[in-house]
Amino acid sequence: MEGPQVAGKAKTDSSPLVATARMSDVAYERILEGLFDRRVPAGAFISQNELSAIVDVPVAPLRDALRVLEAEGILTIHPRSGIQFVRPGLELTRATYQFRSIVERAAIRVFAEQGDEAVMNALEIRHSRLLRRVERDGLGKEQLEEMDALEGELHGAVIAALRNPLIDSTYRRMHNYLRLLRLDRKITTPIMVRTLKEHLDILEACGTRNADAAEAKLQAHFQAAMQRSLGLV
C-alpha cells in the first residue's frame, strides 16, 4: 500500500495549486522585466487587467506577484483603483545607497582579508581590459554589457564573502531598486572611465589585503555613484 500512497503524494505536489505558485514566480519576473525594459513606465499608474495583458500572465498569479512586489517596495496596490509603480527620485536613491553602504562596508572588509585572490585578480584584469577599450574606442553595446556584468560580479563577490543567505536574498531585492535608478541615467565615456577606475581602486586595496583602504575606496565609490545617479556629476 505504501507505493501507491507515495505516488499519490507526488501527484499532489504537481497540483494546480503548485502550478499557480510557479506562475506567480513567472509573473514576478515578467513584471520586473516589463519595468526594466520600459513597457511599464516607472511611476506608472495601471490597472491589473492592463498589466496582465502587458506581461501576458493571468490575473490570479499576477495578484500573488503584486503582493510580493508591494512588500518589496516596488509598487503600491490601490484597492479597486490600480497599481502604482515606484518612481525613482532623491529618496529612493538615498535609501538604496545607504543600504548598500551599510552592508557592503562590512562585506568589503571580509572580502579584502579573506577573499579568493584568483577572483580578485580575474576581476582586476577584466576591469583593466575594459578600461583600455573604452578609452580607446569609446562606448558601445558590448562595453555597456561588460560593464553591467563586472558591476554585478564585483559587488556580488563582495556580498558573497559574508556567507549570509539572509543578506544575499535581501541584496538581490535591493538590486531591483538599483536597476530602477539606472533607467534614466545617461552613461558616457567619462562616467564609465571614472566608474572603472573606482572599481580598480577597490580591487587594488583588496589585493593588498588592506581592509581599511578597501572600505574607504568603496565608500568613495558609493558617494560618487550616488551623485552620478542624481545627475550631480
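This is a predicted model: local features need pLDDT of at least 70, side-chain atom pairs count only at pLDDT 80 or more; totals for chains, interfaces and linings use all residues.
Residues are numbered from 1 along each chain as its sequence is written, and side-chain values use heavy atoms, with hydrogens and water left out.

A pocket is an open set of points on a 1 Å grid over the protein atoms alone, where a 1.4 Å probe fits and protein lies on both sides within 12 Å along at least five of seven lines; lining residues have an atom within 4 Å of a point. The volume of the largest pocket is about 560 Å³, taken as the space filled by probe spheres set on the points, which are joined across faces, edges and corners. At least two lining residues come from each of helix 5 (90-114), helix 7 (141-160), helix 8 (165-181), helix 9 (189-207) and helix 10 (211-229). Helix 7 gives the largest share, five residues. Helices (H or I, at least four residues) and strands (E, at least two) are DSSP runs, numbered from the N terminus. The lining holds ten nonpolar, four polar and seven charged residues. Here Ala, Val, Leu, Ile, Met, Phe, Trp, Tyr, Cys and Pro count as nonpolar, Asp, Glu, Lys and Arg as charged, and the others, Gly among them, as polar.

Residues 27-85 are 53% helix and 17% strand, with end C-alpha atoms 15 Å apart. Residues 95-224 are 85% helix and 0% strand, and their end C-alpha atoms are 15 Å apart.

Leucine 130 belongs to helix 6 (residues 117-137). Leucine 130 is buried because its relative accessibility is 1%; buried means under 20% relative accessible area, exposed over 50%, and partly exposed in between (1.4 Å probe, protein chains only). Leaving aside residues up to four places away in sequence, leucine 130 touches Gln143, Glu146, Met147, Leu150 and Leu196, contact meaning heavy atoms within 4.5 Å.

Side chains of opposite charge can pair when their charged atoms come close. The model has 14 salt bridges, each defined as a side-chain nitrogen of Lys or Arg within 4 Å of a carboxyl oxygen of Asp or Glu. Glutamate 91 and arginine 94 form one, at 2.8 Å from N to O. Both residues lie in helix 5, three residues apart, about one turn of the helix. Arginine 105 pairs with glutamate 215, with the closest N and O atoms 3.0 Å apart. Because arginine 105 is in helix 5 and glutamate 215 in helix 10, this pair ties together parts that are 110 residues apart in sequence. Arginine 105 is partly exposed, at 33% relative accessibility, whereas glutamate 215 is buried, at 17%. A further salt bridge joins arginine 228 and glutamate 198, with the closest N and O atoms 2.8 Å apart. Both residues of this pair are buried. Arg100, Glu104, Glu151 and Arg182 are linked in a network of salt bridges.
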